[in-house]
Amino acid sequence: MVRETRIDPEVEVLWDDFHAEVNVPSEQLRTWLLTRGSGEESFGSNPTLDLPQPGREILKVLAKRKVDLTPEDIEVMRDAVDRIRELMDAKPPRGNADDEWRHSLLDLGHDPLVER
């Protein structure tokens with residue numbers, strides 16, 4: 001028997017927006033986050049090799065099907081879309097050459113060098 005699951009239209013739009021804004025493939029994002037997570041500050045007296053937030057949560061959502069989203073996943077998607085758009089709207093004068101700005105976007109799974 002096939003179970004029909006209805007997705008809220010707002011979630012449908014958010015799903016599309018999330019996947020448009022998060023333009024880095026999940027394996028590339030995981031590699032980036034592991035690189036970021038292995039920086040100097042990660043190897044203090046109590047090191048953690050966990051992936052940095054919010055990227056870890058974004059990776060979890062990327063691994064899911066739309067019908068499997070939880071309310072927490074929906075909030076992660078909404079937050080990621082909002083943060084990426086805010087950063088893109090606040091593009092610094094040096095643009096893509098500004099490493100801090102670009103790295104902040106990459107932490108969210110968005111690479112401004114990728115053509116849309």
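**Notes on the core and the salt bridges**

1. Start in helix α4, where Asp-79 and Arg-83 sit 4 residues apart, so about one helical turn separates them. (Helices here are DSSP runs of H or I with at least four residues, numbered from the N terminus.) Their side chains meet in a salt bridge, 3.7 Å from N to O. The term means a side-chain nitrogen of Lys or Arg within 4 Å of a carboxyl oxygen of Asp or Glu. Asp-79 is partly exposed at 34% relative accessibility, and Arg-83 is partly exposed at 35%. For the cut-offs, buried is under 20% relative accessible area, exposed is over 50%, and partly exposed is in between (1.4 Å probe, protein chains only).

2. Before going on, a word on what you're looking at. This is a predicted model, with local features needing pLDDT of at least 70 and side-chain atom pairs counting only at pLDDT 80 or more, while totals for chains, interfaces and linings use all residues. Residues are numbered from 1 along each chain as its sequence is written, and side-chain values use heavy atoms, leaving out hydrogens and water.

3. Across the whole structure, a search turns up 10 salt bridges. One of them pairs Arg-85 with Glu-21, with the closest N and O atoms 3.1 Å apart. Arg-85 belongs to helix α4 and Glu-21 to helix α1, so this pair ties together parts 64 residues apart in sequence. Glu-21 is buried, at 6% relative accessible area, whereas Arg-85 is partly exposed at 35%.

4. Have a look at Asp-73 and Lys-64 too: they form a salt bridge whose closest N and O atoms are 2.6 Å apart. Asp-73 counts as buried, at 7% relative accessibility, and Lys-64 as partly exposed, at 28%.

5. Now the inside. The largest nonpolar core has 22 residues, and Phe-18, Leu-29, Ile-58, Val-61, Leu-69 and Met-77 have the most contacts inside it. (A nonpolar core is a set of buried Ala, Val, Leu, Ile, Met, Phe, Trp, Tyr and Cys residues joined through side-chain atoms within 4.5 Å.) At least two residues of this core come from each of α1 (9-21), α2 (26-37), α3 (55-62), α4 (71-89) and α5 (99-107). The largest share, 6 residues, is from α4. In soluble globular proteins, nonpolar side chains tend to be buried together.

6. Leaving aside residues up to four places away in sequence, Phe-18 touches Ile-58, Val-61, Leu-62, Met-77, Ala-80 and Val-81. Contact here means heavy atoms within 4.5 Å.
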